[in-house]
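Here's a quick briefing to read with the model open in your viewer.

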Amino acid sequence: TRPMTLALARFVDFAVKGDEFGWLVALEGERNVSFPIKRAYYIFGTRPGVRRGKHAHRQLTQMMVCIAGRCTVLLDDGKASVEVELARNDRGLMLDRMIWHEMYDFSPDCVLLVLADNRYDEADYIRNYDVFKAACT
Ligand code: T46
């Protein structure tokens, strides 16, 4: 594995609070989530065989946490790509700006929580891979 590929997949492990009632994970902006959290959304009920994402963001920084089930994420910075499995509710995957990403192989019970440092803005999306590639150089 090339170092670039490893650097693409940056995970953050969260503290898990446990007591006689069960478990709890807390996500805090500018603490265990490095950026100020301005939006949260979650993806669930993804149909079998579906590939989501297939874009990069010009400016948006995000973190993904698979809080139930599992899925696979492809990350591509225009030079190298890596495929990672998300199957832990106590581990976040950083998704920096200008990373092409695709999500697939969702388990039927998968809930993918995504935290973002800005509001939804369609103008921030690059949906064409060739445009993304050109913007990387
Ligand atoms: C991303 C990956 C990880 C909204 O109305 N508000 C929102 O905040 C978002 C994220 C989406 N939407 C609407 C836009 C579409 O009509 O929800 C619909 C599904 O969104 P999309 O097809 O963009 O979903 P994914 O899974 O391809 O991508 C999403 C995020 O859009 C994207 O920013 O990085 O998850």
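Is Lys-54 buried, partly exposed or exposed? Lys-54 comes out as partly exposed, at a relative accessible area of 40%. Keep in mind that this is a predicted model. The notes below start with the backbone around that lysine, then move on to the ligand, the rings, the charges over rings and the cysteines.

- Lys-54 belongs to strand 5, and its phi is near 55°, which is a positive value in a residue other than glycine.
- His-55 is in strand 5 too, but this histidine is buried, with 8% relative accessible area.
- A polar atom in the side chain of His-55 lies 3.1 Å from the backbone oxygen of Gly-53.
- Another positive phi turns up at Asp-105, at about 50°, and Asp-105 isn't a glycine either.
- You'll find Asp-105 in the loop between strand 10 and strand 11 (111-116).

**Around the ligand**

- The ligand has 14 residues around it, and the closest are Arg-39, Arg-52, His-57, His-101 and Tyr-125.
- For Arg-39, a side-chain N or O atom is 2.5 Å from an oxygen atom of the ligand.
- His-101 does something along those lines: an N or O atom in its side chain is 2.7 Å from a ligand oxygen.
- Tyr-41 also has a side-chain N or O atom by a ligand oxygen, here at 3.3 Å.
- On its own the ligand has 650 Å² of accessible area, and the protein covers 66% of that.
- Which elements give two or more residues to the shell around the ligand? They are strand 4 (39-44), strand 5 (52-57), strand 6 (62-68) and strand 10.
- Strand 5 gives the most to that shell, with 4 residues.

**Aromatic pairs**

- Searching the whole structure turns up 5 aromatic pairs.
- One of them is Trp-100 with Tyr-129, an edge-to-face pair with 5.1 Å centre to centre and 90° between the planes.
- Trp-100 sits in strand 10 (residues 100-104) and Tyr-129 in helix 2 (residues 129-136), so this pair ties together parts that are 29 residues apart in sequence.
- Tyr-129 and Phe-132 are both in helix 2, 3 residues apart, or about one turn of the helix.
- Put together, ring pairs link Trp-100, Tyr-129 and Phe-132 into a cluster.

**Charges over rings**

- Arg-51 puts its charged end over the ring of Tyr-104, 3.9 Å from the ring centre.
- Arg-91 has its charged end over the ring of Phe-11, with 5.8 Å to the centre.
- Going along the chain from Gly-78 to Arg-91 takes 13 residues, and their C-alpha atoms are separated by 25 Å.
- Gly-78 itself is in the loop between strand 7 (71-76) and strand 8 (81-86), and at 12% relative accessibility this glycine counts as buried.

**Cysteines**

- How many disulfides does the structure hold? The count is 0.
- Take Cys-66: the closest cysteine sulfur is in Cys-110, 3.8 Å away, which is too far for a bond, because a disulfide needs the two sulfur atoms within 2.5 Å.
- Cys-66 is buried, with a relative accessible area of 2%.
- Cys-136, on the other hand, counts as partly exposed, at 26% relative accessibility.

Key. Residues numbered from 1 in each chain as written. Predicted model: local features only at pLDDT ≥ 70, side-chain atom pairs only at ≥ 80, totals over all residues. Heavy atoms only, no water. Phe/Tyr/Trp six-rings, centres within 6.5 Å; stacked < 30°, edge-to-face > 60°. Lys NZ or Arg CZ within 6 Å of the ring centre and 35° of its normal. Buried < 20%, exposed > 50% of the residue type's maximum accessible area, 1.4 Å probe, protein only. Near = heavy atom within 4 Å. Polar contact = N/O pair within 3.5 Å; in protein donor to acceptor, adjacent residues only side chain to side chain. Areas by Shrake-Rupley, 256 points an atom, 1.4 Å probe, with all protein chains shown as cover.
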